[in-house]
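This report describes a sheet, the helices beside it and selected salt bridges. Please examine the sequence and the structure before reading on.

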Amino acid sequence: MAGRDRQIENMIRFIHQEAYEKAEEIKAEAQEQYLIDRTSIFETEKAALEQEFERKRKQSDVNRKILRSNVINASRLALLQRRNKEVEKIFERARDGLKAFGSGPQYETLLTNLMLEALLKLSERTVQLNVRQCDVALAKKLLPRVLDQYRAKVGEDQTFDIKLDEKHFLAPAPNEVKAGEAFCCGGVVASAKKGKIMCSNTLDSRLEIAFGNLLPEIRVGLFGASKIRRAAY
């Protein structure tokens, strides 16, 4: 009887020992898996944080470049605007000097040449001429002379219908308008085929053409040669 009890106790202790060892084994495996999972999660989160940091860094670089570009562009635009104002001042001074050419004894010869040039430019048989209202009397006086010169250049045997429009006029002379109003320094506008073909041969138009052609030289004179243009040569 006593021997049987000891066997039972031995079995119970064995079972307890097995259970304890199994529990420790499970605990160790769980701890190991926990460490593995924690490391995996840490590495995953670390990688995600690094990616997010890199994304924000790149975005910061992009934003900084955009800001720098905007600042540079704004500075260039401001510079161009200041330079354009200086160029406009030169043009206005030139136009102020042009006002004197639209009157006086020399204007008769000038208007004759401008009318003739306009007719030769159009080279049409039927042409309408428009001048300032203050120039109508002078233009009527000059028209026969202009027609004689025109016929001599294109052929006297041809017939022409060159008329001066006495109802529609160019902008008034500078001394006839208030400050800020449009004016014309003189000259003529010739048109043919019901206005489909036109030649503006006013002093103002000639100045605009000449100023446009000389604009590169004017800019160099005012601001010096462009670095970009110099690099191109």
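## Terms and basis

Two strands pair if DSSP finds at least two bridges between them. Strands (E, at least two residues) and helices (H or I, at least four) are DSSP runs, numbered from the N terminus.

The model is predicted: local features need pLDDT of at least 70, side-chain atom pairs count only at pLDDT 80 or more, and totals for chains, interfaces and linings use all residues. Residues are numbered from 1 along each chain as its sequence is written, and side-chain values use heavy atoms, with hydrogens and water left out.

## The sheet

V127 stands opposite I162 in β2. Strand β1 (residues 126-130) pairs with β2 in the parallel sense over 4 bridges. The open sheet has 4 strands in the order β2-β1-β3-β4, and its pairing is mixed. Because β2 (161-164) and β4 (197-202) each have a single partner strand, one side of each is left without a neighbour in the sheet.

## Salt bridges

The structure holds 15 salt bridges, each being a side-chain nitrogen of Lys or Arg within 4 Å of a carboxyl oxygen of Asp or Glu. One of them joins the side chains of D204 and R95 (2.8 Å, N to O). D204 belongs to helix α4 and R95 to helix α1, so the pair ties together parts 109 residues apart in sequence. Both D204 and R95 are buried (under 20% relative accessible area, with exposed over 50% and partly exposed in between; 1.4 Å probe, protein chains only).

E86 also forms a salt bridge with K89, the closest N and O atoms being 3.5 Å apart. E86 is partly exposed at 35% relative accessible area, and K89 is partly exposed at 45%.
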